[in-house]
Amino acid sequence: MGHGSSGEGRLRRLVHELAKFGAVGGAGLLVNLGVFNLVRQVTDLQVVRASVIATVVAIAFNYLGFRYFAYRDRDKSGRTRELTLFLLFSVVGLVIENGLLFLATYGFGWDSPLQSNVFKFLGIGVATLFRFWSYRTWVFRAIPVREAESVLAAGPRASAAPRQRVF
């Protein structure tokens, strides 16, 4: 059961990760769309400006969900680096998400409330694909297997010691 079970284990971990990412992302989607529609209802802001505000609120919500739920078992040694990369990739996602809304609204004139919500939702979907890849690859990195094994073998005191990183 060597090779097959290893592949099955990786697939199981990926499915588990996708489920947790999806739970945080689903809640973030509700925050994003809720804030978007609230801002549109109570202010006279243009659609893309309202969307950017909603996206920023959702980014803050999602960071907390990813760090403390979805990726709580990931490497925590470089929080400044983690937050910097999270914000960088989140801004790229913000541009993808709101770029699609901008194109629909100002390029094609699709700016009814329903059309705005549809394109906001589609933009979130496209940006989510980018965010999932970038967050798991660069931001919330898994502790390398050898390092994790040596930490476990050394006991609880070793896990409290600072780790040196080589980039």
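Q: Which helices each supply at least two residues of the lining of the largest pocket?
A: In this predicted model, α1 (2-42) and α4 each do that.

Q: And where does the largest share of that lining come from?
A: From α1, with six residues.

Q: How many residues line the largest pocket, and which lie nearest its centre?
A: The lining has 14 residues, and R13, E17, D73, R74 and A142 are the ones nearest the centre.

Q: What volume does the largest pocket have?
A: About 410 Å³.

Q: OK, the second largest pocket. What is its volume?
A: That one comes to about 280 Å³.

Q: Which residues lie nearest the centre of the second largest pocket?
A: G25, N62, I124, T128 and R131, out of a lining of 20 residues.

Q: Which helices each give at least two residues to that lining?
A: α1, α2 (47-70), α3 (79-107) and α4.

Q: And how do the residues of the second largest pocket's lining divide by class?
A: Nine are nonpolar, nine are polar and two are charged.

Q: Changing topic: where is S134?
A: S134 sits in helix α4, which covers residues 113-139.

Q: Is S134 buried or exposed?
A: S134 counts as buried, because its relative accessibility is 0% and the cut-off for buried is under 20%.

Q: What is S134 in contact with, leaving aside neighbours within four places in sequence?
A: F89 and V139.

How values were computed
Residues numbered from 1 in each chain as written. Predicted model: local features only at pLDDT ≥ 70, side-chain atom pairs only at ≥ 80, totals over all residues. Heavy atoms only, no water. Helix = DSSP H or I, 4+ residues; strand = E, 2+ residues; numbered from the N terminus. Buried < 20%, exposed > 50% of the residue type's maximum accessible area, 1.4 Å probe, protein only. Contact = heavy atoms within 4.5 Å. 1 Å grid on protein atoms, 1.4 Å probe; cavity = no way out; pocket = protein on both sides within 12 Å on 5 of 7 lines; lining within 4 Å. Points joined across faces, edges and corners; volume = space filled by probe spheres on them. Nonpolar A, V, L, I, M, F, W, Y, C, P; charged D, E, K, R; others polar.
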